[in-house]
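Dear colleague,

Please find below the structure for your review.

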Amino acid sequence: MSLNLYALVALTALVGELALTAIAGLLNVRAMTGAVPDEFRDVFDGDTYARSQAYTRARTRFGLVQSTTTLAALLVFWFSGGFGWMDQVARSAGLGPVATGLLFIGGLALAMTGLDLPFRIYGTFVVEERFGFNRTTVGTFIADLLKGLALSLLLGGVLLGAILFFFDWAGPLAWLWCWAATTLFMLVAQFVAPTWILPLFNTFSPLGDGELKTALLQYARSVRLPLSEIFVVDGSRRSAKANAFFTGFGSRKRIGLFDTLVEQQSTSELVAVVAHEVGHYKRGHLFKDLLLRLAHTAAIFWLLSLFLDRQGLFDAFGVAEPSVHAGLVLFGLLFTPIELALSLVVNRFSRRYEFEADAFAAETTGQATPMISALKKLSADSLTNLTPHPLHVLLHHSHPPVLERVAALRALDPDHQPAG
């Protein structure tokens, strides 16, 4: 192993990212105010507000411990020659380049899963349990874990195998072939996920006839949105938190409402929430997000192709012989600062899309009041931090702070006044 420029860049980026996360977390905790913001006094009493702040502190501490432990384990593995050792183990099997690569990357992924498992258990059965959110049984947790591993092995293995094959076979244009394969994979996943993948983890029950279904179908017709189905998802099997989503394309468009959301919200609020999700579709956010991810993927593969023959990259991590499989992993570590910068751009677009979807909901339902009410209820029920620090928002938030969302909605509906 050589502490060369590649090693220094990767080490600085990894440690710097952890330091930045820690600073943002500390500032986020210190930014919490002692009094409930006036806008939310009708849904946050003193006890609920204190619990939301305790929840933010607990999640911040837990996240920092997890991030620090993960980085420490990575550094120990790195500086003890772990990458070189794993490469030799994979090569000793005497397999071809694709199978060797799958063995190398699969072994590292399995080790990361094992490292992450205690944190998943603690986060679910201690942190979430302490604040009344966890409803996951041990059986459900194990089943989710095994299903996730199986899908990663099957689907991830196929895609990874294709990437290894193209880099070994296609020469200078390998990055383009890999991008095309990944694009095809992502597009197919958009179609098959609603029908074949999501039902592996949740039960999707058609929404029964009644006031809510009538209101939702009437709204869908008003915005000229043909829906194949409206489903109630058994989210309460895992968490008390509520959610809704819009997925699929063409004739496979679906709206999913968590059963917890249906229990907590009125019909008008649920219509507003669905209108928000439809807004993402109607405003082209799903398509724009897909294009952004495709551009991101193309950039990664192109940059990767420039580094696969750099001996210094492999020397930095103690890998004796350059290879595609090791290059994929090592470049990922070197890519950390660029990935962080790209995530800031992605999150910025995402926050803007949320404002646009909120506005779409207010415009197409004719009023902002139900969306405001729904957001406030969701915030109270999920113990949302109402006053996040701007740096924390910049780094980690795909959604704008709820106070900003409510203020933007209020500007569209000035006659609505906050309760309390």
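In this predicted model, the side chains of Arg 238 and Asp 144 meet in a salt bridge, with a distance of 2.7 Å from N to O. Arg 238 lies in the loop between β2 and β3 and Asp 144 in helix α5, so the pair ties together parts that are 94 residues apart in sequence. Both residues, Arg 238 and Asp 144, are buried.

The loop between β2 and β3 also holds Lys 241. Lys 241 forms a salt bridge with Glu 128, and their closest N and O atoms are 3.5 Å apart. Because Glu 128 belongs to helix α4 (residues 97-130), this pair ties together parts that are 113 residues apart in sequence. Glu 128 counts as buried at 14% relative accessibility, whereas Lys 241 is partly exposed at 25%.

A further salt bridge joins Arg 352 and Glu 356, with the closest N and O atoms 3.7 Å apart. These residues are four apart in helix α13 (residues 336-365), which means that about one helical turn separates them. Arg 352 is partly exposed, with a relative accessible area of 43%, and Glu 356 is also partly exposed, at 26%.

In total, the structure holds 18 salt bridges. Glu 39, Asp 42, Lys 376 and Arg 410 are linked in a network of such bridges.

As for the surface, Phe 165, Trp 169, Leu 173, Leu 176 and Trp 177 make a nonpolar patch of about 520 Å². Helices α5 (138-169) and α6 (174-197) each supply at least two of its residues. Phe 165, found in helix α5, counts as partly exposed at 40% relative accessibility.

With kind regards

Terms used
Residues numbered from 1 in each chain as written. Predicted model: local features only at pLDDT ≥ 70, side-chain atom pairs only at ≥ 80, totals over all residues. Heavy atoms only, no water. Patch = residues over 30% accessible without salt bridge, like charges linked within 9 Å, V, L, I, M, F, W, Y side chains within 5 Å. Areas by Shrake-Rupley, 256 points an atom, 1.4 Å probe, with all protein chains shown as cover. Salt bridge = Lys/Arg side-chain N within 4 Å of Asp/Glu carboxyl O. Buried < 20%, exposed > 50% of the residue type's maximum accessible area, 1.4 Å probe, protein only.
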